[in-house]
Amino acid sequence: MNQHKKVIRGGVFITMDKAMGDIHNGALLIEGNLIKGVSRNPHEFDSHEDAEFIDADGAIVMPGMVDAHRHNWMSLFRGVSTEESLPAFLINTFYAFGGVLTADNMYAAVLGGNVSALNAGTTTVYEINDCVNTPDHAVNAIQAMKDSGIRGIYAYGMQVYDFKPAGYKSMKDRLDNAKDISKTKFNGQDRLKMGMLISDLGTVDFESTVKQINLIDELGIKCVSHTGAAKTSVLLRGLRELDDHGLLRPGHLHAHSNGLTGEDWKLIAKTGGYVVSTPSSELQMGMGFLPYRPCVEHNIPFGLGTDLTGVTTDDLFTQLNIALQIERALANDKVHQRDTMPFVITPTVREALHWATLGSAEVMGMENEIGSLTIDKKADIIIIRHHEGFSSTMNVAGSVAQMTKSSDVDTVIADGMIRKRHGQLVGYDLEKIESLSQTAFEELSIKAKSFVTLSADEIEQFFRLAERKASYHFAQAYGGDFFDQAM
């Protein structure tokens, strides 16, 4: 048997490829890490006798899920933020744990988080690695991604925490380290690419933001920012200031974006930006409703992410279901305001599946590599077998979008390698992963006992001061010469 050649046959193939559509009782050929054949004939590839044959009869075969915004460095903090607003999360969790997370903790968190993602059917992640306290933090996070076998983008975070001893003397040191990482850790890496998470807009002086974006241009890497997450607030905005200096680039991925205004949406559309939403955290933390509708209106590519397991589950199925039903509720409410009932339900389940597959691939700039079962795309494929009920589904797309859980993911193939088979992870030292995670968890739990939890009034005081700093930093984008030239 050729371990690098596989044939999947039987079942229903949700290809997410508009030209092919769904295929009932079909077959798919994998050679190495590529899809080399898709057929409506289940026996099309039977002549490949050296291949491993995978029986998908009675199952659903589809592209691996694509998580376009995931903070795996926080995978050790499960459930910690389930009752926190965004300001409370930032003070009592984000900065608190970020200030004590070691490089060893980072490796355990990113490895465990990505293996959990694979177990849940996610084969690609945008690793939002805010917590680069030292150069070793970055090295360990990247190594953990490699060791997990997942595909993705590693976003080197420019966020600064009160970590002791400080790993960098200045912002220049961070930028120099990011430059070195880009040149030494990704050479020849087909599965992994590099990006940068720029400092949260408004939290640093404008010149620092300029330097970060200029380095992104120089390195030719991906750019992501937390944009417009604080609804009604000046924090995390600044799109007008960036655009006035030509700093909004095509492919810039704006995470959350719930609080943006009409002018902001026009700027993102004009500059070729993208948007990713993380429904569970956005709805709970008071960020606002999903930004899906403005993206549709302005023709902005839209994808989904899980954000962090401090709030939600590992799987994207939960996110797309929440997103779908929230958007339906909002659409239905507009109809109800006309004193009638809706007779058409939108968005459709197909649209929701797009958000978590080809849509998320597009906002990551990877739509030509992943997101659909298309010949010559990467072999990132999952097989779903629903275990509840006593009969088959009548609507395969609907059952995936609204009824699927991690436990329904039977098989996961990532980059041509089987990572889950018959509902069980394979090829990992699970005892080691659990030991590393538990050790890191215990270390952080001990440190957490010394955290000072701020009250709601104290959190508001901090937040209002942060808003004033943001106004000051955004104002630095303009001098008298700017207005002279504009006139």
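**Entry 1: Asp 217 and its partner**

I looked up Asp 217 to begin with. This is a predicted model, so my notes are about computed values. Asp 217 comes out as partly exposed, with a relative accessible area of 36%. Its side chain is in a salt bridge with Arg 249, and the closest N and O atoms are 2.5 Å apart. Asp 217 belongs to helix α5 (residues 206-219), while Arg 249 sits in the loop between α6 (239-244) and β13 (253-256), so the pair ties together parts that are 32 residues apart in sequence. Arg 249 has 23% relative accessibility and also counts as partly exposed. The cut-off for buried is under 20%, so Arg 249 at 23% does not count as buried.

How many salt bridges does a search of the whole structure find? I got 24. One of them joins Arg 70 and Asp 314, with 3.0 Å between the closest N and O atoms. Arg 70 is in strand β8 and Asp 314 is in the loop between β15 (302-304) and α10, so this contact ties together parts that are 244 residues apart in sequence. Are these two buried or exposed? Both Arg 70 and Asp 314 are buried.

Glu 460 and Arg 464 meet through their side chains in a salt bridge at 3.6 Å, N to O. Both are in helix α15 (residues 456-475), 4 residues apart, which is about one turn of the helix. Glu 460 is partly exposed at 42% relative accessibility, and Arg 464 is partly exposed as well, at 37%.

**Entry 2: strand β8**

Arg 70 sent me back to its strand. In β8 (residues 65-70), 6 of the 6 residues are buried, so the strand is largely enclosed by the rest of the structure. I looked for its neighbor and found strand β9 (residues 122-129), which runs parallel to β8 and is joined to it by 4 bridges. Which residue stands opposite Asp 67 in β9? That turned out to be Val 125.

**Entry 3: strand β16**

Next I looked up β16 (residues 381-384). In a regular strand the side chains alternate between the two faces of the sheet. Here I checked both faces and found them covered: Ile 381 and Ile 383 are buried on one side, and Ile 382 and Ile 384 are buried on the other. Strand β7 (residues 60-63) runs antiparallel to β16, with 4 bridges between them, and Ile 60 stands opposite Ile 384. Strand β17 (residues 409-414) is antiparallel to β16 too, again through 4 bridges. There, Ile 381 has Ile 413 as its bridge partner.

Most residues other than glycine have a negative phi, and most peptide bonds are trans. I went looking for exceptions. The bond from Lys 164 to Pro 165 is cis, with omega near -10 degrees, and Pro 165 is in the loop between β10 (151-157) and α4 (171-184). Thr 346 and Pro 347 are also joined by a cis peptide bond, with omega about -5 degrees. Pro 347 is in the loop between α10 and α11.

That loop also holds Asp 339, whose phi is positive, near 60 degrees, though it isn't a glycine. Asp 339 is exposed, with a relative accessible area of 74%. Asn 25 has a positive phi of about 60 degrees as well. I found Asn 25 in the loop between β3 (22-24) and β4 (27-31), partly exposed at 40%.

**Entry 4: surface patches**

Met 341, Phe 343 and Val 344 form a nonpolar patch with about 400 Å² of accessible area together. Met 341 is in the loop between α10 (316-336) and α11 (349-356), and at 52% relative accessibility it counts as exposed.

What gathers in the patch of negative charge? I noted Asp 104, Asp 136, Glu 442 and Glu 443. Glu 443 is in helix α14 (residues 430-448) and is partly exposed at 34% relative accessibility.

Note on methods:
Residues numbered from 1 in each chain as written. Predicted model: local features only at pLDDT ≥ 70, side-chain atom pairs only at ≥ 80, totals over all residues. Heavy atoms only, no water. Buried < 20%, exposed > 50% of the residue type's maximum accessible area, 1.4 Å probe, protein only. Helix = DSSP H or I, 4+ residues; strand = E, 2+ residues; numbered from the N terminus. Pairing = 2+ DSSP bridges. Patch = residues over 30% accessible without salt bridge, like charges linked within 9 Å, V, L, I, M, F, W, Y side chains within 5 Å. Areas by Shrake-Rupley, 256 points an atom, 1.4 Å probe, with all protein chains shown as cover. Salt bridge = Lys/Arg side-chain N within 4 Å of Asp/Glu carboxyl O. Lys, Arg positive; Asp, Glu negative; His and termini not counted. Charge placed at Lys NZ, Arg CZ, Asp CG, Glu CD.
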